[in-house]
Structures are given as structure tokens and as C-alpha cells.
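Please look at the structure below before reading on.

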Amino acid sequence: HILEHYILFRGTEQRTGEEIGRDIRAHGAYFNAHTSHDLATFELSLPSEYAEFALQNQKEILFQLNITQEELDKEKQIILEELSQIQDDPLKHSTALIYQNLFQNHPYQRPIYGKKEVIEGASAEKIQKFYDNYFVPANCALAMVGDFIIEEMEEQIEALFGMLENKGF
């Protein structure tokens with residue numbers, strides 16, 4: 001969950017988080033992300049004439065992340081505040097408790113939003129290692145919906161994403 005936030009808001013090797021947000025809004029886009037037990041989803045909805053921008057943006061934020069301790073510490077505070085809010089949300093809190101009891105000794109037992117002590121102890125080095133191992137093309141799927149010619153979109157996607165290498169395990 002903390003990596004999802006970092007990817008969405010903290011910047012890459014080319015642009016800061018503020019620049020990414022500004023560029024996305026300049027294209028009339030809506031952007032968000034979601035984390036579940038099995039995957040993280042990054043969505044970008046915008047007019048189809050900006051499809052090339054969308055593809056380039058998603059490639060950059062997903063595969064060219066710039067993790068710094070300073071930016072991670074800022075994001076950790078936001079995540080810790082979210083954790084406090086979950087304690088005050090009966091549905092989210094009870095769902096987490098159900099998973100903890102229903103899936104004992106299974107990864108689903110772990111809360112999606114994380115544990116306070118784990119988040120507080122997260123370092124840029126640890127997050128970078130996780131990112132390098134798991135945020136690789138082989139673990140990703142891309143879905144595009146819009147009024148474009150499928151063959152042309154496939155060519156754009158292949159040209160932009162086809163040369164990415166898996167750098168993990």
C-alpha cells in the first residue's frame with residue numbers, strides 16, 4: 001500500500017510528484033490507485049486523444065520510480081493517518097479483523113494498509129528492493145478502453161513497453 005501511494009504521488013527519475021499531477025490534470029485526466037491482497041491497480045482516465053500521454057505516463061511512474069527516504073517519510077505519515085482512520089471505520093476495521101482470523105498463517109492475514117510498526121520502519125532501501133523485485137513487466141497487465149483503432153494502439157503499446165526488461169529475481 002505504501003508503494004502504491006509512492007508511485008502515484010512521489011515522482012520518478014524525470015518528474016516530481018507535483019509535476020506528474022500537474023501534467024495529468026493538464027490532460028483532463030482522473031487518476032487513482034488501489035491495493036488489494038493480490039495486486040495494485042493504477043488507473044488513468046482521460047480523453048482518448050491523449051492515449052499516448054497516458055501510456056508514457058504510466059510507463060514512467062511504474063518503471064522509473066525515484067525512491068528517496070525524504071519522500072518516503074512524507075508518504076509514511078499519510079499512510080499512518082489512513083491507518084488511524086481505518087480504526088474509526090467499522091466496516092474497514094471489521095473486514096481487517098475477519099481476514100486476520102479467517103486466514104491465519106496465510107499472507108491474506110496481513111492487513112492491506114499495513115501495520116503501524118512496519119510502516120514506521122520502512123526504509124527507502126527496503127521499498128526499493130521490493131519495487132525492483134515485484135514491479136516488473138512480467139507481473140503487470142495493461143488494459144486500455146477507448147475510441148481508438150485497436151491495431152494502432154497495439155503498435156503504440158509494443159513500441160513503448162516492448163523493450164522493458166525484468167529486473168527482479
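Which residues are linked in a network of salt bridges? The network joins Arg 10, Glu 70, Glu 71, Lys 74 and Glu 75.

## Basis of the values

The model is predicted: local features need pLDDT of at least 70, side-chain atom pairs count only at pLDDT 80 or more, and totals for chains, interfaces and linings use all residues. Residues are numbered from 1 along each chain as its sequence is written, and side-chain values use heavy atoms, with hydrogens and water left out.

## Salt bridges

Side chains of opposite charge can pair when their charged atoms come close. A salt bridge here is a side-chain nitrogen of Lys or Arg within 4 Å of a carboxyl oxygen of Asp or Glu. The whole structure holds 8 salt bridges.

One of them pairs Asp 23 with Arg 22, with the closest N and O atoms 2.9 Å apart. Asp 23 is buried at 18% relative accessibility (buried means under 20% relative accessible area, exposed over 50%, partly exposed in between, with a 1.4 Å probe and protein chains only). Arg 22 is partly exposed at 47%.

## Pairs within helix α4

Helix α4 spans residues 69–87 and contains both Lys 74 and Glu 71, which sit 3 residues apart, about one turn of the helix. (Helices, H or I of at least four residues, and strands, E of at least two, are DSSP runs numbered from the N terminus.) The closest N and O atoms of this salt bridge are 3.1 Å apart. Lys 74 is partly exposed, at 39%, while Glu 71 is buried, at 18%.

Asp 73 and Lys 76 are also both in α4, 3 residues apart, about one turn of the helix. Their salt bridge has its closest N and O atoms 3.5 Å apart. Asp 73 is partly exposed at 33%, and Lys 76 is buried at 8%.

## The second largest pocket

A pocket is an open set of points on a 1 Å grid over the protein atoms alone, where a 1.4 Å probe fits, with protein on both sides within 12 Å along at least five of seven lines; lining residues have an atom within 4 Å of a point. The second largest pocket holds about 370 Å³ of space, taken as the space filled by probe spheres set on the points, which are joined across faces, edges and corners.

Its lining has 19 residues, and Ile 86, Ala 96, Gln 100, Pro 111 and Tyr 113 lie nearest the centre. Two or more lining residues come from each of α4 and α5 (90–102). Helix α5 gives the most, with 7 residues. By class, the lining has 8 nonpolar, 7 polar and 4 charged residues (Ala, Val, Leu, Ile, Met, Phe, Trp, Tyr, Cys and Pro count as nonpolar, Asp, Glu, Lys and Arg as charged, and the others, Gly among them, as polar).
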